[in-house]
Amino acid sequence: KNIKALSKHHPELTKMLEALTVDEAKIKVVYSESGHPRLLFKKESGEEVYIHSAADPLNLANQAVDLLGKMGKEGLIILFGFGLGYFSEEVFKVFEKGHILLIYEATPAVFKIALTLRDYSELLESERVKVVLGEQVDSIPVIHSHYNHILNGKFWVVKHQPSVKLNEEAYVKFFKKLEEEHMAMKSAVVTGMGLGNKFIDNFLENIPLVLRKPGVHKLKDIFQGRPAIVISAGPSLD
C-alpha cells in the first residue's frame with residue numbers, strides 16, 4: 001500500500017526500494033514502552049544508534065511540531081531524516097494548503113524498513129509531500145519548483161538527530177547544496193534588477209532577427225551522435 005502511494009509521485013524511488021536489499025544484521029526493529037516500533041541501527045564503526053525514544057516516539061513528534069511555531073499559510077519544511085515517520089505524520093496533520101514537506105532520507109534502507117512497519121499511504125500520495133533518498137544528490141528539482149519559498153526565506157530545516165547521526169556527511173552535503181541554490185536564486189534576482197533594462201532592450205532589438213531567421217529547431221538531429229560545444233556569455237551559467 002505504501003509503495004503504491006509512493007509510486008504516484010515518485011515512481012523512480014519505488015524501483016530503487018524494490019531493488020534494495022536490507023541488511024537485517026544492521027537494522028533491527030524493537031518496540032518502545034508505549035508499544036510503538038523504533039529502530040536500532042548498527043553503523044560500520046560498530047556504534048549502535050536508536051532511532052526514536054524508548055518512552056514514546058509519537059509524543060516527541062508532537063513536541064517537534066510545536067517547535068515550528070507559526071509558519072504562516074505557506075512555506076517549505078525540509079526534514080532531515082524520515083525515521084519511522086512520526087514527525088512527518090504529525091506535521092502533515094497541521095498543514096495548510098500552501099505548505100510543502102520535503103523529506104530527505106540519506107539511508108534508504110531505513111526508509112524501506114519504515115514502509116514495512118506502518119501505513120504512510122495518505123502522507124506519501126499527497127502532492128504536497130516530496131521525498132529524496134540516498135547519498136548522491138546532485139540536483140534537487142523540488143527546490144526549483146518551490147522557488148518563491150526558498151527565495152523569500154519561507155523554508156525551515158528540521159533535523160531528526162538520530163537519523164542524521166547515521167550519515168552526517170550526506171546531510172551536511174545536502175544542506176550545502178540547499179544553501180548554494182538559495183544563493184543562486186538571490187543572485188538571479190539581483191542580476192535581473194541590475195540588468196533588467198539591458199535584457200529588455202536586447203530582446204526588443206533582436207525581434208526583427210527572430211522573425212526573419214528560421215530558428216534553432218532547424219538544427220534538430222542534423223548533428224546527431226556528434227559532440228557539441230556550447231559557448232555562452234555569463235559567469236553565473238554553470
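This is a guided tour of the structure above, stop by stop.

The model is predicted: local features need pLDDT of at least 70, side-chain atom pairs count only at pLDDT 80 or more, and totals for chains, interfaces and linings use all residues. Residues are numbered from 1 along each chain as its sequence is written, and side-chain values use heavy atoms, with hydrogens and water left out.

**Stop 1: the sheet**

Select strands E6, E5, E4 and E7, which form, in that order, an open sheet of four strands with parallel pairing. Strands (E, at least two residues) and helices (H or I, at least four) are DSSP runs, numbered from the N terminus, and two strands pair if DSSP finds at least two bridges between them. E6 (129-133) and E7 (155-159) stand at the edges with a single partner strand each, so one side of each has no neighbour in the sheet. On average, neighbouring strands here are turned by 20 degrees against each other, direction ignored; the axes are lines fitted to C-alpha atoms, for helices over the stretch in contact, and angles run from 0 to 180 degrees between N-to-C directions.

Next, select E5 (residues 98-105) together with E6: the two pair in the parallel sense over five bridges. Tyr104 has Val132 in E6 as its bridge partner.

**Stop 2: aromatic rings**

Rings of Phe, Tyr and Trp (its six-membered ring) pair if their centres lie within 6.5 Å; planes under 30 degrees apart count as stacked, over 60 as edge-to-face and the rest as tilted. The count comes to seven aromatic pairs. Select Phe80 and Tyr104: their ring centres are 6.1 Å apart and their planes stand at 75 degrees, so the pair is edge-to-face. Phe80 lies in strand E4 (residues 74-80) and Tyr104 in E5, so the pair ties together parts that are 24 residues apart in sequence. Phe80 is buried, with a relative accessible area of 1%, and Tyr104 is buried at 0%.

Now move to Phe82 and Tyr120, an edge-to-face pair with 5.2 Å from centre to centre and 65 degrees between the planes. Phe82 is in the loop between E4 and H4, and Tyr120 in the loop between H5 (108-117) and H6 (121-124), so this pair ties together parts 38 residues apart in sequence. Both residues, Phe82 and Tyr120, are buried.

**Stop 3: helix H4**

Select residues 86-93. Seven of the eight residues of H4 are buried, so the helix is largely enclosed by the rest of the structure. Among the buried residues are Tyr86, Phe87 and Phe92.

**Stop 4: helices H2 and H5**

Select H2 (residues 11-19) with H5; they pack at about 90 degrees, with their axes 10 Å apart. H2 is therefore roughly perpendicular to H5 (under 35 degrees counts as roughly parallel, over 145 as roughly antiparallel, 65 to 115 as roughly perpendicular, the rest as oblique). Met16, Leu17 and Glu18 in H2 meet Pro108, Phe111, Lys112 and Leu115 in H5.

End at Glu18, which is exposed, with a relative accessible area of 55%. Leaving aside neighbours within four places in sequence, Glu18 is in contact (heavy atoms within 4.5 Å) with Ile3 and Lys112.

Key: Buried < 20%, exposed > 50% of the residue type's maximum accessible area, 1.4 Å probe, protein only.
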